[in-house]
Structure formats: structure tokens, C-alpha cells
Amino acid sequence: MPGTVDGGELAIRAVLGQQVSLAAARTLAARMVAAVGEPLPEPVGTLTHAWPVPGAVVEHAPSLAMPRARQRAVAALAGALADGLRLEPGIDVRAELLALPGIGPWTAEYVAMRALGDPDAWLPTDLGVRHGLARLGAGPEAAEAWRPFRAHAVVHLWAAAQST
């Protein structure tokens, strides 16, 4: 399953990307990194800063160009990370994520899939998943047969949604 090196970064990027295009989410993340990320001693190509520490994200969140509710979600998530929330394989923290403002089931499952390494994470409301299911002539109920590897199905459904 495609994972991530930094579960906290992945989760914050997921929140930054809520209800905006991928390009807009990348722009928000790049601006935040430039504003509060630690400059690298020597840039490597276009990589000039390290991802910001959670405390810096908490402080910067109110200045992000996004709705206040999402600013609060970014700040709450970064605050939880600063307080010790661990997003790494083998630790199921869905309940803790869902308890944060602005973190819903899609975000919790996406983090479970990519950061926690849960092979059964399932994103039934994801637009790409829904398009992939439709392209294959299946409904969300088909996912029951894919347990305990529904996250692998998500990747295949995303690919099916992209293919022509």
C-alpha cells in the first residue's frame, strides 16, 4: 500500500486539500512551508525548506487563505501532533482524529490508509472511488467482498477512474 514518510505532514496536507483542487492544496502547502518551514542549509533543486513543525503550523493556521473552519481544523490537528499524537503504521487513531474539529470520516480513513498502513481502510465517499466503482459497474456494497484489503481496492478504483 502506498504509504508516507511523515504521517503528520500527510494528514495536514489532507486537511489543506479539503474541498479544493489538488493544485490549490499544493499552493497552500507551499506557501505554508515557505512561511514557517525551516530553511534548508543548502537547497536541493526546488526544495528549499523542511516541512514545518506542528507548533509552527498551529501559529500559522489563522493566516491560511481558507475558510475559518478549515483553519481551525489545521490548527487542531497540528496541535494534537504537537501534543504527541502519533500517525504511524500499526497505531489506529481514527477515534482521536474524528474527535478533532473539521476531521471527518474521509480524512480519518485516508490517514489510516496512507499513514497508519491499514490495508482495510475504505473511502466510500471519495469521488475517485465512486467514479471507479461506476466505471466497473459496481456499487459500494462490493467492498464487503474485498475485506480485509479494501485500501488496495481504493488504489485500483482511483486508477480505474483515471483510465479512459
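Predicted model: local features only at pLDDT ≥ 70, side-chain atom pairs only at ≥ 80, totals over all residues.
**Pockets and core**

The largest pocket takes in about 960 Å³ of space.

Next comes the second largest pocket, with about 160 Å³ of space. Glu9 and Arg13 are among the residues lining it, along with Ala30, Val33 and Ala34. The run from Thr46 through Leu47, Thr48, His49 and Ala50 to Trp51 also belongs to this lining. Here H1 and H2 turn up again, joined by strand E2 (47-49), and each of these elements supplies at least two lining residues. Sorted by class, the lining of the second largest pocket holds six nonpolar, three polar and two charged residues.

Then there is the packing. In soluble globular proteins, nonpolar side chains tend to be buried together. The largest nonpolar core in this model counts 43 residues, and the members touching the most others are Ile12, Leu16, Val74, Leu77, Leu87 and Leu97. Two or more residues of this core come from each of H1, H2, H4 (68-82), H6, H7 and H8. Val74 makes a handy example: with neighbours within four places in sequence set aside, Val74 is in contact with Ile12, Val15 and Leu16, as well as Val57, Ala61, Leu64 and Met66.

Key:
Residues numbered from 1 in each chain as written. Heavy atoms only, no water. 1 Å grid on protein atoms, 1.4 Å probe; cavity = no way out; pocket = protein on both sides within 12 Å on 5 of 7 lines; lining within 4 Å. Points joined across faces, edges and corners; volume = space filled by probe spheres on them. Helix = DSSP H or I, 4+ residues; strand = E, 2+ residues; numbered from the N terminus. Nonpolar A, V, L, I, M, F, W, Y, C, P; charged D, E, K, R; others polar. Core = buried A, V, L, I, M, F, W, Y, C linked by side-chain atoms within 4.5 Å. Buried < 20%, exposed > 50% of the residue type's maximum accessible area, 1.4 Å probe, protein only. Contact = heavy atoms within 4.5 Å.
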